[in-house]
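Here's a quick walk through one structure, with an eye on its rings, charges and strands. Have the sequence and the 3D view open as you read.

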Amino acid sequence: TGSAKVKSVLSGDTVVLLGRAANGGKAPEVTFTFERVTAPRMASKANNNVDDPEAFPSREWLRNLCVGKTVFFETR
């Protein structure tokens with residue numbers, strides 16, 4: 001368990017978390033995908049560079065909700 005600030009949102013189910021810097025160093029980043037959530041995929045080579053339907057609105061909704069905010073998480 002822990003807490004981190006949301007740096008960015010990659011898709012409707014994946015965020016980049018920014019940890020706390022230790023000893024004046026660079027803050028660690030981790031890509032965090034929500035368990036049991038499947039959002040439409042953004043364009044990538046795997047899907048011929050085409051967004052799934054509703055991928056952009058899904059990502060933007062999550063981005064507006066949490067970028068810059070501190071979140072609490074649990075990993076297993």
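## Rings

F32 is buried, with a relative accessibility of 17% (buried is under 20% relative accessible area, exposed is over 50%, and partly exposed is in between, using a 1.4 Å probe and protein chains only). F34, at 27% relative accessibility, counts as partly exposed.

Keep in mind that this is a predicted model, where local features need pLDDT of at least 70, side-chain atom pairs count only at pLDDT 80 or more, and totals for chains, interfaces and linings use all residues. Residues are numbered from 1 along each chain as its sequence is written, and side-chain values use heavy atoms, with hydrogens and water left out.

Back to the rings. A pair of aromatic rings is described by the distance of the centres and the angle of the planes. Rings of Phe, Tyr and Trp (its six-membered ring) pair if their centres lie within 6.5 Å; planes under 30 degrees apart are stacked, over 60 edge-to-face, and the rest tilted. That rule gives two aromatic pairs. In one of them, F32 and F34 sit edge-to-face, 6.4 Å centre to centre with 65° between the planes. F32, F34 and F73 make up one aromatic cluster.

## Charges

Side chains of opposite charge can pair when their charged atoms come close. Here a salt bridge is a side-chain nitrogen of Lys or Arg within 4 Å of a carboxyl oxygen of Asp or Glu, and the count comes to five. One of them links K7 and E29, with the closest N and O atoms 2.6 Å apart. K7 lies in strand β1 and E29 in strand β3 (residues 29–33), so this pair ties together parts that are 22 residues apart in sequence. (Helices are DSSP runs of H or I with at least four residues, strands are runs of E with at least two, and both are numbered from the N terminus.) Both partners are partly exposed: K7 has a relative accessible area of 43%, and E29 comes in at 42%.

R63 and E60 also meet in a salt bridge, at 2.6 Å from N to O. They're three residues apart in helix α1 (residues 55–66), so about one helical turn separates them. R63 is partly exposed at 35%, while E60 is buried at 16%. Salt bridges with shared partners join R59, E60 and R63 into one network.

## The sheet and its helix

Strand β2 (residues 14–18) pairs with β3 over five bridges, and L17 stands opposite V30 in β3.

## Around S11

S11 belongs to strand β1 (residues 2–11) and is buried, with a relative accessible area of 4%. Its side chain makes a 2.7 Å polar contact with that of D13 (N or O atoms within 3.5 Å; within protein, one must be able to donate a hydrogen and the other to accept it, and residues adjacent in sequence count only if both atoms are side-chain atoms).

Neighbours within four places in sequence aside, S11 is in contact (heavy atoms within 4.5 Å) with R41, M42, R59 and L62.

Notes: Pairing = 2+ DSSP bridges.
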